[in-house]
Amino acid sequence: IVPYPPGAAADGLPRILLDELSAAWKQPVIIENKTGAGGNVGAEFVSRAAPDGYTLLHAPTPVFAINQYIFKKLAFDPATFKPITVVAESPSVLAVSLKLATPSVKDLIAKAKAAPGTVSYASQGNGSTSHVTGALFAHQTGTSLAHVPYRGSAPAMNDLVGGHVGMLFDNLFSSLKQHEAGTIKIIAACTPQRLPAIPNVPTMSEAGVPGFVSIAYFGFVAPPGTPDAIVDKVHAAVSAALKKPDIRAKIEKLGSTVVGNTPAQMTALLDAERKKWSTAIRNAKIPQVE
């Protein structure tokens, strides 16, 4: 189950693994997109699925570590999923529409301060990495931005290309092709160092927003109560696929970095992400949504 529409990194990354997993388990593995509510619809579905290993969830960080602080009510507890492995990590980048015509982060901040509330930023939905990253950017730069949530990365990117929204914090996976095609412009990377795929694009720190880092992690979890033996079996197959050079090359071509950690390491990562984002959301005074 992928809780976002086709075209998003959460959907594209596991599709790279389908053939390998089908061969390993000797039966077809399919992806079903159950979208809505910032990934909560698909996550809730998996939370109620039989803990037999036949239904898994592949999702990014927000479903496991952000939504619980953004949405007033969740019909599932993110902490009860059984972590399997983080497939990949994908850095966030700041992309702007050509219509906005801001060649740098400093220009963008100046424009936003000159006319508060008129510069809009798209997101993949309430609670998404792009939502909270945009809100944190506004908080840290002292600007007022208009949030426009979408149902996933693809529709948000479409409106950025069309100039209907001004900016979007998105993962490199979704933004790189449009940037290379010249339909949008990436003006900063939300990483400690510059990204090899876009070496001429400065980091946010270099662009004038010190210490600004936002990275999305994408991983598999199983329903609550899934036995460790099943988790280990799934982990072994996914881990073996991620070690294959052709699989790694496909993932890296999408601007992501292969992780393939253990269930215990994924658990520790999600715990750290919850602490990080709960504090950031509270400090930025990001309002809760229904």
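Thr133 is in contact with Phe169, Phe212, Ser214 and Trp277, leaving out residues up to four places away in sequence. The model is predicted. Thr133 sits in helix 6, which covers residues 129–141, and the residue counts as buried, at 1% relative accessibility.

- The side chains of Thr133 and Ser214 make a polar contact at 2.8 Å.
- Ser214 is also listed among the residues that Thr133 touches, together with Phe169, Phe212 and Trp277.
- Thr133 counts as buried because its relative accessibility is 1%, and buried means under 20%.

**Thr191 in the loop between strand 6 and strand 7**

- Thr191 belongs to the loop that runs between strand 6 (184–189) and strand 7 (215–222).
- With a relative accessible area of 6%, Thr191 is buried.
- A polar atom of the Thr191 side chain lies 2.7 Å from the backbone oxygen of Gln193.
- Apart from neighbours within four places in sequence, Thr191 contacts Pro91, Thr203, Phe212 and Val213.
- Phe212 is one of the residues in contact with Thr191, and Phe212 is also one of those touched by Thr133.

**The loop between helix 1 and helix 2**

- Gln27 is placed in the loop between helix 1 (9–25) and helix 2 (40–47).
- Lys26 has a positive phi of about 55° and is not a glycine.
- At 73% relative accessibility, Lys26 is exposed, the cut-off for exposed being over 50%.
- Gln27 is partly exposed, and its relative accessible area is 36%.
- When residues up to four places away in sequence are not counted, Gln27 touches Ser22 and Tyr54.
- Ala37, a residue other than glycine, has a positive phi near 55°.
- The relative accessible area of Ala37 is 41%, so Ala37 is classed as partly exposed.

**Fold and dimensions of the chain**

- The chain contains 11 helices and eight strands.
- The radius of gyration is 18 Å, close to the 19 Å that the globule rule gives for 290 residues, so the chain is as compact as a globular protein of that length.
- The C-alpha trace spans about 60 × 40 × 30 Å along its principal axes.
- Among contacts in the chain with a separation of 6 or more, 76% are between residues 24 or more positions apart.

**Burial, surface and charge**

- Buried residues make up 54% of the 290 residues of the chain; Thr133 and Thr191 are among the buried residues.
- The chain carries 26 positive and 20 negative side chains.
- The centres of the positive and negative sets lie 5 Å apart.

Key
Residues numbered from 1 in each chain as written. Predicted model: local features only at pLDDT ≥ 70, side-chain atom pairs only at ≥ 80, totals over all residues. Heavy atoms only, no water. Helix = DSSP H or I, 4+ residues; strand = E, 2+ residues; numbered from the N terminus. Rg over C-alpha atoms; globule rule 2.2 N^0.38 Å. Buried < 20%, exposed > 50% of the residue type's maximum accessible area, 1.4 Å probe, protein only. Contact = heavy atoms within 4.5 Å. Lys, Arg positive; Asp, Glu negative; His and termini not counted. Charge placed at Lys NZ, Arg CZ, Asp CG, Glu CD. Polar contact = N/O pair within 3.5 Å; in protein donor to acceptor, adjacent residues only side chain to side chain.
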